[in-house]
Amino acid sequence: MKPILLNDCSREVSLLLADLLDEKALLLNERFENHKRLDDYRMIVLETRSDQKRVLNQISKMRYACNFRNIPIIVMRGREDHFPVQHYIMAGATEVLSLTDPPAACRQILQGYLIPDRRPLDQEMEYLKPFIENTVSVIQTMTSGTAEFREMYFSNAFRIFGDISGIIGLSGDAEGTVVLTFYWALAWRIISKMMQVQEEAINAELIHDGVGELINMISGSTKKNFVGTHYHYELSLPTVVVGSGHQIGHPEGASIAILIFDMDNSSFAVHVCLKPMKGTS
Amino acid sequence: MKVIIADDSQVMRTIIEKVVRPLGYEAMHACNGQEVLSLLEKGCEGIDLILMDWNMPVLNGLEALNLIRKSNQFSSIPVLMVSTESEDDKIRQALDAGASGYISKPFTSETLAAVISKAQEKRGV
């Protein structure tokens, strides 16, 4: 079973968590190092004392180290911490609890976050597989590089933790959104490869432009696979969003599939939210 | 030889220009269909080819193609449609509107160069 990382937590918090969480959960109390990958933890807990800014910075770094995995980052606030909760959430935290919160409520919330993300069903693979294949193909054709599909999961958490996202709205027989999210350094590298120029010759405007074009190509080439099915859609013009932890809205009741790809020692994610409309064949 | 590269993406215009230059084309850029028409009307003479993206703001590629084919002055200029959409009915729609060829994105440099050469041959260049 994957462990839960208690990041430099006090004895009080460690004991509380041991009591609140399942006895079988493996708790590791250690200090997060910036270079450490956090993909293999079930949950991360940080404790705040009077050092909120340092904690905010650490949450951001941890979120990057999660490499697009939906790992809950829980902030446990000390009794004297009155810092606005929203700041922790904006930095990448999933939930903010306090030592003064009722233990029963904390237990329920924490146990909820330990429920694993849902894996796709066979019928869902029907529309996800073309997105995987076309993402790999578009990246290969445009950059001569190799993107390898790593894994996928479904999430109802609408937050995307990347630096830049290309977003395209889908409408027609099926509705939804497709989002392509990169960390800044990989986006930079990919766009310079697409344009066949040195990375120094690339600016932010070209990166925005190129990421918009990539999501356009991924959605456009995948569309062909859905001709004659209830997953067929029409494309809107792409939009690009820049900034860590931005939120994307999706149609009510829709599940969001997060597809993670590895490339050049980094990762990127494609979020697919596709819902066939009622009454279509 | 002169080519108008019409695409709302600067990245795509740059990629396409890198393919057409070695083929002997001098490239002019347009961000939408309206800019293509402006370039033509401004008297940019001797345009030998237009590479036009379909999905562009202001005036999309298909609308611009329709206007070009209806004009007396520019109707004979070959227009290659470039699009992320590769469904048969889209290709047919573009060809029916008078496109000289259709290129689906993503494309390799070799594919684009081959489609351009084919259009040149048709025109007897």
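Guide: Let us begin with two neighbouring strands of chain B. In this predicted model, strand β1 (residues 2-6) of chain B is joined to β2(B) by five bridges, and the two run parallel. Within this pair, V3(B) lies opposite A27(B) of β2(B).

Visitor: What packs on the sheet beside β1(B) and β2(B)?

Guide: Helix α1 (residues 10-20) of chain B does so, touching β1, β2 and β3 (47-53) of chain B. The direction of the helix makes about 160 degrees with that of β1(B).

Visitor: In what order do the strands of this open sheet in chain B stand?

Guide: As a general idea, strands of a sheet pair through backbone hydrogen bonds, in either the parallel or the antiparallel sense. Here five strands of chain B follow the order β2-β1-β3-β4-β5, with parallel pairing. At the edges are β2 (26-30) and β5 (101-104) of chain B; each has a single partner strand, so one side of each is left without a neighbour in the sheet. From one strand to the next, the twist averages 20 degrees.

Visitor: Which strands of chain A pair with β7(A)?

Guide: The pairing of β7(A) with strand β8 (residues 174-182) of chain A is antiparallel and has seven bridges. One of the bridge pairs sets L170(A) against G176(A) of β8(A). Four bridges, also antiparallel, link β7(A) to strand β10 (residues 239-242) of chain A, where T239(A) is the bridge partner of I167(A). Strand β9 (residues 234-235) of chain A runs antiparallel to β7(A) as well, with two bridges; there E234(A) is the bridge partner of S171(A).

Visitor: How many residues lie between the strands in the hairpin of β7(A) and β8(A)?

Guide: There are two residues between them, and G172(A) in this hairpin takes a positive phi near 120 degrees.

Visitor: Is strand β7 of chain A mostly covered or mostly open?

Guide: In general, side chains of a regular strand alternate between the two faces of the sheet. Strand β7 (residues 164-171) of chain A is mostly covered, with six of its eight residues buried. Across chain A, buried residues account for 38% of the 281 residues.

Visitor: How many residues of chain A are in contact with chain B?

Guide: On the chain A side there are 20, in contact with 16 residues of chain B. In chain A, α5 (122-143), α6 (184-195) and α7 (204-223) each supply at least two residues of the side that touches chain B. The largest share, ten residues, comes from α7(A). By class, this side of chain A has nine nonpolar, seven polar and four charged residues.

Key
Residues are numbered from 1 along each chain as its sequence is written. Chains are lettered from A and ligands numbered from 1 in the order in which they are written. This is a predicted model: local features need pLDDT of at least 70, side-chain atom pairs count only at pLDDT 80 or more; totals for chains, interfaces and linings use all residues. A residue is buried if 20 or more other C-beta atoms lie within 10 Å of its own, exposed if 12 or fewer, and partly exposed in between; C-beta atoms are placed from the backbone. Two strands pair if DSSP finds at least two bridges between them. Two residues are in contact if their C-beta atoms, placed from the backbone, lie within 7 Å. Ala, Val, Leu, Ile, Met, Phe, Trp, Tyr, Cys and Pro count as nonpolar, Asp, Glu, Lys and Arg as charged, and the others, Gly among them, as polar. Axes are lines fitted to C-alpha atoms, for helices over the stretch in contact, and angles run from 0 to 180 degrees between N-to-C directions.
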